[in-house]
Amino acid sequence: RPLDSHYSYIDDRAESEAFFSESQFIGFGFSSALEATAIRVSQVFAGSPADEAGLARGDRIIAVDGRTIRDLVSAGLVGSAFGPSTAGVERQIVFVHAGNERSARMVKRAVTIPTVSATRTFQIGSRSVGYIFFRNFVGPSFAALDAAFAELQAQGANELVLDLRYNGGGLVSVAQYLAGLIGGTRTNGQLLGTYAHNDKNVASNTELRMRTETHSLSLDRLVVIATGSSASASELIVNGLRPFIPVAIIGD
């Protein structure tokens with residue numbers, strides 16, 4: 001429908017708890033986008049089966065277990081080509097890396113997603129511009145964000161590029177914490193968002209307010225790199241901070 005009024009999903013409890021508490025999942029350790037005749041690799045997690053197989057961002061997977069991606073798409077099987085999220089599932093792939101065709105066998109196992117995958121600081125004239133590649137809003141994100149913002153704080157960062165291209169969201173509590181790290185004294189005590197329920201659940205209505213944290217930056221400007229995959233808690237960061245500091249979006 002053009003506009004859904006209801007949304008729900010069913011998830012495996014063990015998988016969900018592993019993701020939100022440990023930033024882990026069972027898989028090969030890469031994410032991708034489907035093209036007409038190939039699966040384009042968008043990111044590979046360090047130490048994963050995909051990493052050990054030699055896959056890298058930008059590679060194109062052209063066959064899985066002897067069947068081309070074109071055939072799998074035509075048969076409507078590409079969605080299940082890599083099998084269930086179960087440890088021990090194996091797949092033989094053929095992929096193109098730097099113009100050369102390669103093959104590899106991968107076996108699914110627990111993969112840890114680094115919540116903060118990169119932290120950098122760039123000196124541009126009088127500006128100190130920080131960069132953070134943030135992958136997901138989960139339990140380990142609190143410590144990872146603390147370490148990243150401590151580094152940026154030590155470098156005197158006064159602007160931030162927050163890379164949320166592959167961040168589909170997660171815990172709102174992490175978004176609230178990240179917003180406080182970004183806004184600092186500028187947003188201390190300000191409203192980030194509200195939970196609003198119907199007239200049968202008004203007791204559950206809640207306000208989310210930002211706080212100044214130990215390594216808050218009180219930034220002059222936030223630039224967010226986004227795609228169509230930047231959702232949920234990622235959107236909350238953008239829209240919650242916009243009334244209080246300049247926020248620019250690069251991407252979709």
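Is G139 buried, exposed or partly exposed, and what is its relative accessible area? In this predicted model, local features need pLDDT of at least 70 and side-chain atom pairs count only at pLDDT 80 or more, whereas totals for chains, interfaces and linings use all residues. Residues are numbered from 1 along each chain as its sequence is written, and side-chain values use heavy atoms, with hydrogens and water left out.

G139 is partly exposed, with a relative accessible area of 32%, where buried means under 20%, exposed over 50% and partly exposed in between, for a 1.4 Å probe and protein chains only. The residue is found in the loop between β10 (127-134) and α4 (141-154); helices are DSSP runs of H or I with at least four residues and strands are runs of E with at least two, numbered from the N terminus. When neighbours within four places in sequence are left aside, G139 is in contact with F20 and L171, contact meaning heavy atoms within 4.5 Å.

At helix α1 (residues 13-22), the N-terminal end is capped by D12, a side-chain oxygen of which lies 3.1 Å from the backbone nitrogen of A14. Just after α1, S23 has a positive phi of about 60°.

Helix α5 (residues 172-183) and helix α6 (residues 233-241) have axes that come within 9 Å and cross at roughly 40°, the axes being lines fitted to C-alpha atoms over the stretch in contact, with angles from 0 to 180 degrees between N-to-C directions. The contact is made by V172, A175, L178, A179 and I182 of α5 together with A233, L236, I237 and L241 of α6.

Terms used
A polar contact is a pair of N or O atoms within 3.5 Å; within protein, one must be able to donate a hydrogen and the other to accept it, and residues adjacent in sequence count only if both atoms are side-chain atoms.
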